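Subject: Structure handover

Hello,

Here is the structure for you to open. My notes follow below it.

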Amino acid sequence: MRQQAAVFPVGLYGMLLFALCWLTLPNVFAPLERLLLGAVCLVPRAASEWSGQPAFAAEADARERTELRTALATRLRGEDIGGGRALLASDLEPVYCAVREVLGDGSRRGGAGQPAELLLEATHAELDDCAAFVTKGDALLGFLVPAGIGVAADDGPGQPARVVLLHHRAAPPVYAAMPLDDGAHLRLVVRGAATVDPAPLRVDLWDDPYRAARLDRGGHVVRTLALDDGAAAVPPGLQLGRTRIWGYDGDDGQAALAIGVFVVPPYEPRALSHVVVWRDRRRATAVPAAAPADAPQRRFAVVRDLPGAVHGRHLLIAAGEIAAGAAVVQQGMLLGTARDLAFGLGLVTSFGASRHRWSLLLLPDDPEAPPRELDGRVVRAAGHEAWVACHTAADANARLPAGQLFTGSNGPGCPAGLWIGSAEPVADDRTLLLVRTRPLPSPRAVEVWTRPEPSGGR
């Protein structure tokens, strides 16, 4: 009996090789994936034409959200400008700037591995006559970088202004002082720490190293001293943060030994949504405000539920390309963020279904309490409720207040000030907020941030 030769499964091995390449080179196959997903979504899009008309939010709800956003903007602006206004010269006027994006990849990671670079909505040209230092409240954040210099070497005047935070490796050191319990002051220099250090800033060059080595506790407030080195003039009195001691406890009644002293800034870098730069009104030059050339635009679209939409995935029908992570909004309320597919289609992931980090703003119900900038991540969701784990630069032992939750600055396609829902603290965990979003019927008439169309042919 003749034995038949085995047939080599070329098709099977070819499919396995193709799948391996798809998994290991996702960026190469991303356009094909979007095309295939877009083609699949054409079926529910065609079926949706037979469903109802897109619905808008009720007029009363839209008016309430507008009032909340106005209250947030007013209180946030007052907190951000007021602290610096009390410390700076009267001939300086504030320029309030929204943060377009927080950058923290590669060389943009600073001390303690924190993001250390900001892009602002204002352009280099608009801020060309401003002082170099940047503040928030009574804190010094960092420095403006002029177009064509350093980390902004490739920027033009019409591109978003760039800020390096104090813990950026390109930021200059700052001369400062720290008050002690006995009324004396230690003068010191603060600069960016290493990415592996326990805090973003570290202390160098004490004027009294012996006494610095005997520091037995942290928590001292560090503030700037006046210094003009010709590159970055820093006014006195601005807060840099609070000290954190790194060393050994004393044994048998001996004094503690401080190996290193670090400074923890009074802000969370990932949560920054607005900053303040300062202009000398005597030398101010009027520059008309202009949006950056690549600023996204808002377009009308429709969101329809997909099978399994209870898990927070929806179909987006829009005209034109959708920016990555673009906010999908209905009259000031965030429905989620979008992912572009093909044929004018996209997928929307609701806030509750998301698992990436968010820059968030919490407006407390207490009118006397300041707004909170938070770095948060959704850890669990059920229906229209989401549990958000939050990090804040405020007292770690203090419970977050109840209030209204808004987006912070989450990239050029998701600006600050979009209402998410009401929030309240969770009793058994001071870092958790329970956020309740508002359900809407399907389909929904929305706005989505998209990239601008090309201005002309080649």
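Over which residues does pLDDT stay under 50, and how many contacts beyond four places in sequence does the model have for them? The stretch is residues 453-458, with 2 such contacts. Here pLDDT is the predictor's confidence in each residue, from 0 to 100. Contact means heavy atoms within 4.5 Å.

Ground rules. This is a predicted model, in which local features need pLDDT of at least 70, side-chain atom pairs count only at pLDDT 80 or more, and totals for chains, interfaces and linings use all residues. Residues are numbered from 1 along each chain as its sequence is written, and side-chain values use heavy atoms, with hydrogens and water left out.

Confidence. Mean pLDDT for the protein is 83. Of its residues, 79% reach 70 or more. Among the elements, helix α2 (residues 26-48) has the lowest mean, 59. Strand β21 (residues 403-407) has the highest, 97.

Overall make-up. The protein has 4 helices and 24 strands. Both are DSSP runs, numbered from the N terminus: helices are H or I with at least four residues, strands are E with at least two. Of the 458 residues, 45% count as buried. Buried means under 20% relative accessible area, exposed means over 50%, and partly exposed is in between (1.4 Å probe, protein chains only). Take the contacts with a separation of 6 or more: residues 24 or more positions apart account for 63% of them.

Strands β6 (residues 174-179) and β7 (residues 185-192) run antiparallel, joined by 6 bridges. Two strands pair if DSSP finds at least two bridges between them. Ala 176 stands opposite Leu 188 in β7. β6 and β7 form a hairpin, with 5 residues between them. Gly 183, in the turn, has a positive phi of about 95°. β7 is also joined to strand β8 (residues 201-204), by 4 bridges. That pair runs antiparallel too. Here Arg 191 stands opposite Arg 202 in β8.

Ala 112 has a positive phi of about 60°. Its place is in the loop between β1 (92-103) and β2 (117-123). Ala 112 counts as partly exposed because its relative accessibility is 25%. Gln 331 has a positive phi of about 50° and is not a glycine either. Gln 331 sits in the loop between β15 (326-330) and β16 (333-340). With 36% relative accessibility, Gln 331 counts as partly exposed.

A proline in a strand. Pro 94 lies in strand β1. At 28% relative accessibility, Pro 94 is partly exposed. Leaving aside neighbours within four places in sequence, Pro 94 is in contact with Ile 81, Arg 85, Val 276, Val 277 and Trp 278. Pro 94 and Ile 81 are 13 residues apart in sequence, and 7.0 Å apart in space, C-alpha to C-alpha.

A charge over a ring. Arg 380 lies over the face of Trp 387, at 3.9 Å from the ring centre. The rule: NZ of Lys or CZ of Arg must be within 6 Å of the ring centre and within 35 degrees of the ring normal.

Best wishes
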